[in-house]
Amino acid sequence: MLTLCIRYTLDATKLADFEAYARGVAGPIERCGGKVVGYFAPTKFAGPTNVGLSLIDFPSLAAYERYREALAVDSEHTEVARRAAQSGVILVEDRSFVQRAS
């Protein structure tokens with residue numbers, strides 16, 4: 001099992017747009033072969049207030065590649081991504097894979 005970890009640098013004044021994005025992409029991600037562990041928005045309690053996180057599980061790297069191909073042509077995902085881009089909420093996306101140690 002591999003987990004895609006996406007670290008988002010966000011416009012902290014547009015967190016409602018990030019939350020809308022997170023709700024909107026869950027369906028397309030699941031439909032295209034990923035398993036959403038969760039989308040996490042920043043808080044004002046501790047840490048940076050402009051960093052979000054997404055964790056998505058895949059059984060293999062090959063499954064991730066199939067997911068990327070399917071997601072690229074998913075019309076619902078395209079629309080959700082377009083709205084997020086239009087809002088300007090996501091400034092940077094850093095992607096990496098992590099593997100569970102426990």
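The structure is a predicted model, in which local features need pLDDT of at least 70 and side-chain atom pairs count only at pLDDT 80 or more, while totals for chains, interfaces and linings use all residues. Residues are numbered from 1 along each chain as its sequence is written, and side-chain values use heavy atoms, with hydrogens and water left out.

The largest nonpolar core has 20 residues. A nonpolar core is a set of buried Ala, Val, Leu, Ile, Met, Phe, Trp, Tyr and Cys residues joined through side-chain atoms within 4.5 Å. The residues with the most contacts inside this core are Tyr8, Phe18, Tyr21, Ile29, Tyr39, Ile56 and Tyr67. Two or more core residues come from each of strand E1 (2-10), helix H1 (15-31), strand E2 (35-40), strand E3 (51-58), helix H2 (61-72) and H3. Helices (H or I, at least four residues) and strands (E, at least two) are DSSP runs, numbered from the N terminus. Helix H1 gives the largest share of the core, five residues. In soluble globular proteins, nonpolar side chains tend to be buried together. Tyr8 touches, among others beyond four places away in sequence, Phe18, Tyr21, Tyr39, Ile90 and Val92; contact means heavy atoms within 4.5 Å.

The structure holds 10 aromatic pairs. Rings of Phe, Tyr and Trp (its six-membered ring) pair if their centres lie within 6.5 Å; planes under 30 degrees apart count as stacked, over 60 as edge-to-face and the rest as tilted. Tyr21 and Tyr39 form an edge-to-face pair, with 6.3 Å centre to centre and 80° between the planes. This pair links distant parts of the chain, with Tyr21 in helix H1 and Tyr39 in strand E2, 18 residues apart. Both Tyr21 and Tyr39 are buried. Phe58 and Tyr64 also form an edge-to-face pair, at 5.3 Å centre to centre and 75° between the planes. Tyr64 has a relative accessible area of 10% and so counts as buried. Ring pairs link Tyr8, Phe18, Tyr21 and Tyr39 into a cluster.

Cys5 is buried at 14% relative accessibility, and Cys32 is buried at 12%. Zero disulfides (pairs of cysteine sulfur atoms within 2.5 Å) are found in the whole structure.

The 13 residues of helix H3 should span 18 Å at 1.5 Å a residue, which agrees with the 19 Å between its end C-alpha atoms; the expected span is 1.5 Å times one less than the number of residues. In H3, His77, Val80, Ala84 and Ser87 are buried. Seen down the helix axis, the buried residues of H3 fall within an arc of 95°, so they line one face; the arc is that of the directions from the helix axis to the C-beta atoms. These buried residues pack against H1, H2 and strand E4 (90-98). On the other side of H3, Ser75, Ala85 and Gln86 are exposed.

Ser87 lies in helix H3 (residues 75-87) and is buried at 17% relative accessibility. Apart from neighbours within four places in sequence, Ser87 is in contact with Lys14 and Asp17. Gly88 is in the loop between H3 and E4 and is partly exposed at 24% relative accessibility. With neighbours within four places again left aside, Gly88 is in contact with Asp11 and Lys14.

Definitions and conventions: Buried means under 20% relative accessible area, exposed over 50%, partly exposed in between (1.4 Å probe, protein chains only).
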